[in-house]
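Here's a quick tour for anyone meeting this protein model for the first time. Take a look at the sequence and fold, then read on.

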Amino acid sequence: MSTNEATAAYAGPPLTVSDAGTGRPVLILHGGGGPATVAALAQHLSRTTHTLTPVHPGWDGTQRPEWLTGIEGLAHTYLRYLSDRRLRDVLVVGSSLGGWIAAEMATLDTAGTLTGLVLIDAVGVHVEAEPITDFFTLDARGVADHSWHDPDRYYVDPATVPPAELARRQSNMATMRTLAGDPYMHDPRLLRRLGQVEVPTLAIWGESDRVVTPAYGAAYTDAFANGRLEIIPKAGHLPQIEQPEATIALIEAHLDQTSTRSVGDQ
């Protein structure tokens, strides 16, 4: 299904959504690094599910409405998108910032649209003993060291990045500052609200993540009424990239465990 077809029945703010596959709806939400960080995951899941992979407004040159200045606004936008398209039994998979959006969506979902969550190294809550690393203060080397199990493999010298790509990254970071910079990378009210979320929630964490540590992930998971934490060895903040097979296996198992109806009913 094309992007235009995917948004034809949607009446909210403009969205760019990649729409592929058939079966149970799976909404895949990227983190600050942009849609490329979840592209391979979405492609794999589209073989057996109906994947919807939006670009958050303001990322990669897309339009961000002036009123959209926080993560809760994004959560409302995506819930409206799902409602307008009459999608039910939705699994939401969110990476990093996308995991925060997913958690906010779950607390706001009064219609029962969501039937499962997967949070991949999510931000969004404040854990006193495990502060979130201030990403905005890190240079490129620091970002690599905090984000990857194998930083030397993924480090890119900024001097080698083409100007257009550098501008895209800087624009994305500016949008992230607007949406999540104050308070930094969390909603002060979210942690205590997660206890009301009863949908099965799988938290996937890279054991080497230094942006948000596995201990942070454990505190996050424990706040849900029905949460489970899985640690992936030899992975950092983006296990779907460093350890895709292990990450996909966990998500697919969670898909099977949380669906409320058969594919033929979708």
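This is a predicted model: local features need pLDDT of at least 70, side-chain atom pairs count only at pLDDT 80 or more; totals for chains, interfaces and linings use all residues.

## A covered strand and a pocket

Residues are numbered from 1 along each chain as its sequence is written, and side-chain values use heavy atoms, with hydrogens and water left out.

Strands (E, at least two residues) and helices (H or I, at least four) are DSSP runs, numbered from the N terminus. Two strands pair if DSSP finds at least two bridges between them. Here's how β6 (residues 201–206) pairs up:

| Pair | Sense | Bridges |
|---|---|---|
| β5 (residues 114–120) and β6 | parallel | four |
| β6 and β7 (residues 227–232) | parallel | six |

How many residues of β6 are buried? Six of its six are (buried means under 20% relative accessible area, with a 1.4 Å probe and protein chains only). Thr201, Ala203 and Trp205 cover one side, and Leu202, Ile204 and Gly206 the other. The largest pocket is lined by 40 residues, nine of them from α7 (163–180). A pocket is an open set of points on a 1 Å grid over the protein atoms alone where a 1.4 Å probe fits, with protein on both sides within 12 Å along at least five of seven lines; lining residues have an atom within 4 Å of a point.

Definitions and conventions:
Buried means under 20% relative accessible area, exposed over 50%, partly exposed in between (1.4 Å probe, protein chains only).
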